[in-house]
Amino acid sequence: MTTPPTHNLRVLLASDHPDATSGYAVQCKLAALRLKEHCHLALLATFGLHGSIQDWNGIPLFPGGADAFANDVIPKAAKAWQADIVITLKDALVFNPATFNGFRWAPLCPVDHDPSSPQVIERVRQSYRPIAYAPHGFRALRRAGLDPLYAPHAYDPKVYYPMDRAEARKLFQLPDDLFIVGTVAVNRGGVPSRKSWVENLEAFAMFAHDKPNVRYFLHTDLADEGYEGGIPLRPVMANLGILDKVLFCDQERYRYPHMGGFSQDYMRHYYNAVDVLNAVSVGEGFGIPVLESQAVGTPVIVGDWCAHEDLCFAGWKVQKSEAHHFYDQQQGWVFIPQPQAIAGRMQEAYNYYNSTIDGPTLSGLTPTEIMHRRAIAGAAPYQIDTVIRDHWLPLLAELEQDIRTPK
């Protein structure tokens, strides 16, 4: 006998297919498996499914359409599901507000500019009620006069947890005496590069020029043929003279997940194997790798703007004064970091790591152990079951009360 959900609310959640490999897909999967116990939930795959409705873990999964972001089929699915509300987990600008005529639209969306792009604010003004998934986004929407709900991105502590570093490195055949900087980020088109690829590689070249024992481990597509409009990274590395110090994941597995892909077990080993995760970019709506990295105890390097100003629990920040303010195609401001500043933070991380040779501090812990514990403690409130309890359930209750209350 099926237990009825705790809320009599009919929700259509539109995002990437929950079994895809994108950050949106991971978050959709984490939330959907739990929200189905608390509302009448259906999913719509804006990416990853066409042609037929499927059953996914007991949840109806509607296919995408001819439009790249399913604007053509969302109304049909919402009508078929008799949805009280349609929640979209994507950039708000990819959706046409006219798509939701006759339906309540709640965009669960990033705010990756500082201040927010006027285009994003204008788009979400046309929604029923926006949902922020990072503290920065919540504040930005409030400053724009909106009344957002809040449900942050999350991680699964059964997947991302600390491991012995030497054990984690065995998977990649990495010796224990290397200091390894990591980056997990998409390499996709756009000017400037949203993940600051050239600046980060130049920074590593500055940092590594006199250090034979350092490596840069990239989890991305190198875009050798300009795949997805990405920057071909190998020529940049060759120009900087660092090809022999850069490691990268299996390109076929990265580009074609059906050929094996990268399991969550693989990514847990990756985050545990690196000494610091470098995630400086021009602006993030959340930046899930910084959360997953700190969940296993690995510190991070980030820019002190947009979502990352709140999500660095253990690590080092590049300040706004160390970046160039840039007005981009969304008519909003982002920050292009100075390579010297990123290199400086890599050096600080290197110095901090090497300070462990001086032995434990007065607390009985080495500096690295202190940083490790700080990272895990900071990430803990973002565990998925905690996020469901503290944020999603109050959010569903508020939506249900608002929708059911006569106006």
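Start by selecting residues 323-327 and 333-337. These are strands β15 and β16, which pair in the antiparallel sense over five bridges. Strands and helices here are DSSP runs, numbered from the N terminus: E with at least two residues for strands, H or I with at least four for helices. Two strands count as paired if DSSP finds at least two bridges between them.

The model is predicted: local features need pLDDT of at least 70, side-chain atom pairs count only at pLDDT 80 or more, and totals for chains, interfaces and linings use all residues. Residues are numbered from 1 along each chain as its sequence is written, and side-chain values use heavy atoms, with hydrogens and water left out.

**Stop 1: the hairpin**

Opposite A323 stands P337 in β16. Now go to the turn. Five residues lie between the strands of this hairpin, and Q331 has a positive phi near 60 degrees.

**Stop 2: helix α4**

Select residues 135-143. This is α4, where P135, H136, G137, A140 and L141 are buried. Buried means under 20% relative accessible area, exposed means over 50%, and partly exposed lies in between (1.4 Å probe, protein chains only). What covers these residues? Show α3 (118-125), β7 (131-132) and β8 (149-150), which are among the elements over the buried residues of α4. Then step past the end of the helix. Just after α4, G145 adopts a positive phi of about 90 degrees.

**Stop 3**

Q294 is buried, at a relative accessible area of 0%. Follow its side chain. The side chain of Q294 reaches the backbone nitrogen of A314 at 3.0 Å. That is a polar contact: a pair of N or O atoms within 3.5 Å, where within protein one must be able to donate a hydrogen and the other to accept it, and residues adjacent in sequence count only if both atoms are side-chain atoms.

Next, show the surroundings of Q294. Beyond its neighbours within four places in sequence, Q294 is in contact with V300, L311, C312, F313, A314, A375, I376 and A379. Contact means heavy atoms within 4.5 Å.

Move on to V296, in the loop between α10 and β13 (300-303). V296 is buried too, with a relative accessible area of 1%. Leaving out residues up to four places away in sequence, V296 touches Y160, Y161, P162, Y271, N272, H372 and I376. Draw a C-alpha distance from V296 to R373. It reads 9.4 Å, for residues 77 apart along the chain.

**Stop 3: salt bridges**

There are 25 salt bridges in the structure. Each is a side-chain nitrogen of Lys or Arg within 4 Å of a carboxyl oxygen of Asp or Glu. Side chains of opposite charge can pair when their charged atoms come close.

- Select E167 and K170. Their closest N and O atoms are 3.4 Å apart. The two are three residues apart in helix α5 (residues 165-170), so about one helical turn separates them. E167 is partly exposed at 40%, and K170 is exposed at 58%.
- Select R268 and D265. Their salt bridge spans 2.3 Å, N to O. These two are three residues apart in helix α9 (residues 264-273), so they too sit about one helical turn apart. R268 is buried, with a relative accessible area of 9%, while D265 is partly exposed at 36%.
- Select E228 and R188. Here the closest N and O atoms are 3.2 Å apart. This pair links distant parts of the chain, 40 residues apart: E228 is in the loop between β10 (214-219) and α7 (233-240), and R188 is in the loop between β9 (179-184) and α6 (197-208). E228 is partly exposed at 40%, and R188 is partly exposed at 47%.

Finish with R165, R169, D176 and D275, which are linked in a network of salt bridges.

**Stop 4: the second largest pocket**

Keep R165 and D275 selected. Which residues are closest to its centre? Of the 21 lining residues, they are R165, D275, G297, T368 and H372. Show α11 (339-354) and α12 (367-379), each of which supplies at least two residues of the lining. α12 gives the most, with four.

On the method: on a 1 Å grid over the protein atoms alone, a pocket is an open set of points where a 1.4 Å probe fits, with protein on both sides within 12 Å along at least five of seven lines, and lining residues have an atom within 4 Å of a point.
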